[in-house]
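Begin with its helices and its core, then turn to the charged side chains.

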Amino acid sequence: MSSKTHRIIYGVNPDKKVTPVIVRDAIIKCFKEAEKEILEVMRKSTDMKKSSYEKNSQFFIEHFIEERFRKIGADFNRPKKEDLKKVANELKRYALKIRDPKIVNQNHKEIMTLINKIK
């Protein structure tokens, strides 16, 4: 008997219940991982302590994602499935300007896997 298991996607097990808030948080985690190098350069250039860096980078990423929600007229705190699709597409367009398209497309595909699990 074989069991179908998925790998964890940005902290989310797609075999369990997936909600819009869970996916929003996965998008934040994905984007934070993608921006890690840029944020690390910022930290080093300002000689910021690691604890302050973590707090500030999380704030920066959340604010950036929240702005994408505002741009499409959606509520960051109460996202809907369709809002998440639009935000994911907005972030993909942004990332394609500065990142490897292969990686961007893979990240987008993983986020869309989570979005499509929302009932």
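Helices here are DSSP runs of H or I that hold at least four residues, and they are numbered from the N terminus. The model is a predicted one.

The largest nonpolar core has 25 residues, and V23, I65 and I111 are the members that touch the most others. Two or more residues of this core come from each of α1 (20-34), α3 (50-71), α4 (81-96) and α5 (101-117). Helix α1 gives the largest share, 6 residues. As for V23, its contacts beyond four places in sequence are V18, L84, L114, I115 and I118.

Next comes R24, which is placed in helix α1. Is R24 buried or exposed? Buried means under 20% relative accessible area. R24 has a relative accessibility of 10%, so it counts as buried. Its side chain makes a polar contact with the side chain of D25, at 2.8 Å. When neighbours within four places in sequence are set aside, R24 is in contact with F69, F76, N77, P79 and L84.

Helix α5 can be checked for its length. It has 17 residues, and at 1.5 Å a residue these should span 24 Å; the C-alpha atoms at its ends are 24 Å apart, so the two values agree. At the start of α5, a side-chain oxygen of D100 comes to within 2.9 Å of the backbone nitrogen of K102. Which residues of α5 are buried? They are V104, N107, H108, E110, I111, M112, L114 and I115. The buried residues of this helix pack against α1 and α4.

The charged side chains remain. How many salt bridges does the structure hold? There are 8 salt bridges. One of them joins E67 and R70, with the closest N and O atoms 2.2 Å apart. A residue between the buried limit of 20% and the exposed limit of 50% is partly exposed. E67, at 27% relative accessibility, therefore counts as partly exposed, and R70 does so at 46%.

A second salt bridge links D75 with R78, and here the closest N and O atoms are 3.9 Å apart. D75 counts as partly exposed because its relative accessibility is 30%. R78 has a relative accessible area of 61%, so it is exposed.

A further salt bridge is formed by the side chains of E82 and K85, at 3.4 Å from N to O. These two residues are 3 residues apart in helix α4, so about one helical turn separates them. E82 is partly exposed, with a relative accessible area of 45%, and K85 is partly exposed with 22%. Elsewhere, salt bridges that share partners join E66, E67 and R70 into one network.

Notes
Residues numbered from 1 in each chain as written. Predicted model: local features only at pLDDT ≥ 70, side-chain atom pairs only at ≥ 80, totals over all residues. Heavy atoms only, no water. Core = buried A, V, L, I, M, F, W, Y, C linked by side-chain atoms within 4.5 Å. Buried < 20%, exposed > 50% of the residue type's maximum accessible area, 1.4 Å probe, protein only. Contact = heavy atoms within 4.5 Å. Polar contact = N/O pair within 3.5 Å; in protein donor to acceptor, adjacent residues only side chain to side chain. Expected span 1.5 Å × (residues − 1). Salt bridge = Lys/Arg side-chain N within 4 Å of Asp/Glu carboxyl O.
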